Amino acid sequence: MTLQHLLQDKLAAALAAAGVPDAQPLLQPASRPEFGDYQANGVMSAAKQLKMNPRELAQKVIDKLDLTGIASKVDIAGPGFINITLDPAFLASRLDHVLEQPKLGVEPQQPTKRVMVEYSSPNLAKEMHVGHLRSTIIGDTLARVVDYLGHDLVRGNHVGDWGTQFGMLTAYLVETQQAGNAALELNDLEGFYRKAKIRFDEDADFADRARDYVVRLQGGDADVLALWRQFVDVSLKHCEAVYRKLGVGLTRDDVRGESSYNDDLPIIVQELHDAGLLTEDNGAQVVYLNEFKNHDGEPMGVIVQKKDGGFLYTTTDIGAVRYRHKTLHLDRVIYVVDARQSQHFQQMFSICRKAGFAPAGMSLEHVGFGTMMGDDGKPFKTRTGGTVKLIELLDEAEERAFALVSEKNPDLAEAERRKIAHAVGIGAVKYADLSKNRNSDYIFNWDLMLAFEGNTAPYLQYAYTRVASIFRKAGAFDASAPLQLNEPAEKQLALVLAQFGDTLNAVADDCLPHVLCGYLYQVATHFMRFYEACPVLKSEGAVRASRLKLARITAETLRTGLDLLGIEVLESM
Ligand code: ARG
């Protein structure tokens with residue numbers, strides 16, 4: 001059981017014994033050390049409801065609260081807060097065996113579920129650009145955490161590989177193949193798209209061919225499908241180069257693009273019709289949703305089939321939900337997609353519920369995120385105002401990190417400096433994003449993210465190497481020696497380390513990676529304080545063994561936590 005759960009259960013039992021069984025303990029880590037280690041704030045509202053004196057109720061609860069062997073002190077503060085100070089021996093016992101246990105003693109989150117994290121999901125018509133960065137790295141972190149917590153994880157990459165653009169691209173692919181320079185042209189997908197578009201706009205015959213391809217694609221024409229597949233394959237290879245560089249765990253097996261729902265779309269419209277959800281409006285098939293109102297206060301309509309018979313982005317997403325329930329049997333689907341698509345998801349979820357495509361027990365969650373901004377406070381662009389290719393941004397990150405590393409360590413071999421630069425550069429880009437609350441926009445700033453001070457990847461990576469370096473000097477140490485938490489700095493560090501499982505649970509429940517970043521930063525800063533206050537290598541006997549072990553748990557927690565963020569650590573840098 002995690003620390004939080006253990007204390008919560010004890011408090012709930014005490015509240016019940018004190019006559020308020022329905023009250024919530026409202027337990028949280030203390031905001032200031034003078035409030036102990038945890039504070040429970042639930043007594044106040046319970047007392048208010050029952051018109052009792054809150055301090056009296058708090059006293060009653062404390063009288064019933066059995067924290068023998070857990071807390072060294074429990075007291076009432078202010079109008080009825082309960083402050084809990086943990087017993088150092090108890091904290092030591094929580095941590096004593098984590099090094100021998102799998103996953104640092106973090107137990108599977110109960111109940112375990114079948115969870116899909118859908119992320120990245122670029123449109124394959126063009127190259128990945130910075131707009132795909134946030135989904136890709138936030139999603140990858142959530143996937144890693146969900147997996148670590150013992151759930152049955154399915155990764156999903158809902159790529160945009162369907163629609164009219166693909167007729168145009170296929171037509172242009174045929175032309176470049178005839179000219180014998182397709183391979184060359186496809187190296188730059190962005191340019192490929194631009195040229196195809198120019199052909200489409202300027203040549204009526206080309207445009208006709210493109211439209212004909214769309215029809216034949218949708219009709220399942222084998223020849224055109226084969227061409228389309230070639231294009232999709234190249235485009236996915238571009239994505240995979242980005243994933244590799246980023247260290248993101250998406251593979252071909254995770255790709256299930258919009259095209260794969262093509263055959264289901266007419267069936268879905270039929271089923272929506274049978275469920276009585278469709279209204280015909282000017283030839284289009286529309287679902288009206290009472291819970292969403294337009295400007296005039298009328299129910300909003302969501303089109304699922306156009307007048308010309310074509311289907312829409314929403315129809316495909318409805319198809320995906322249906323598939324994820326019927327075929328994949330998922331309990332929870334997490335959609336990591338730009339916050340600007342929030343309304344689309346709320347409406348789509350609502351339609352799926354009404355149609356029975358998603359049962360009540362299946363959780364559908366849109367995990368939105370804000371925009372990545374440039375220093376000028378506007379969406380991040382190239383100097384000339386173009387979109388920034390993701391692969392170029394990542395190359396630049398590595399180059400900048402290489403310059404920094406070379407300045408710091410000019411004597412290291414170049415290959416070594418490159419290796420560090422990769423870990424630091426990519427880590428910095430990821431961490432800068434992950435450490436901000438995903439709900440807000442954030443400013444992309446090279447100097448801040450690459451700084452070795454503050455809440456940054458380089459700081460944490462460096463902190464890890466500092467801890468690791470202790471072990472190179474220490475020689476063998478006894479990991480079975482019991483922890484002794486006699487100094488305040490030792491106890492504070494141990495407390496934070498003991499909160500690893502609770503932190504991961506919170507990240508998985510609320511889909512907030514910045515909570516993990518903030519936690520790791522705390523681990524690193526508490527370690528630095530401990531290291532300053534408590535000699536490790538110069539101490540002796542049981543104290544030395546205990547301090548080395550605390551350092552080892554710190555190193556493992558930092559390494560594991562950074563790995564869950566998809567950030568590499570190095571033993572030295
Ligand atoms: N391809 C879309 C885009 O680039 C994102 C897809 C998000 N996922 C979904 N199930 N709609 O905007």
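Visitor: Which residues surround the ligand?

Guide: This is a predicted model, in which local features need pLDDT of at least 70, side-chain atom pairs count only at pLDDT 80 or more, and totals for chains, interfaces and linings use all residues. Residues are numbered from 1 along each chain as its sequence is written. A residue is near a molecule if its C-beta atom, placed from the backbone, lies within 6 Å of it. The ligand is surrounded by Glu-118, Ser-121, Pro-122, Asn-123, His-158, Gly-160, Asp-317, Ala-320, Tyr-335 and Val-337.

Visitor: How many residues of strand 10 are buried?

Guide: Strands are DSSP runs of E with at least two residues, and helices are runs of H or I with at least four, numbered from the N terminus. A residue is buried if 20 or more other C-beta atoms, placed from the backbone, lie within 10 Å of its own. Strand 10, residues 332-336, is mostly covered, and its buried residues number four of five.

Visitor: Which residue of strand 11 stands opposite Tyr-335?

Guide: Two strands pair if DSSP finds at least two bridges between them. Strand 10 pairs with strand 11 (residues 363-367) in the parallel sense over five bridges. In strand 11, the residue opposite Tyr-335 is His-366.

Visitor: Which residue stands opposite Ile-334 of strand 10?

Guide: Strand 5, residues 114-118, pairs with strand 10 in the parallel sense, over four bridges. Opposite Ile-334 stands Val-117.

Technical notes: A residue is buried if 20 or more other C-beta atoms lie within 10 Å of its own, exposed if 12 or fewer, and partly exposed in between; C-beta atoms are placed from the backbone.
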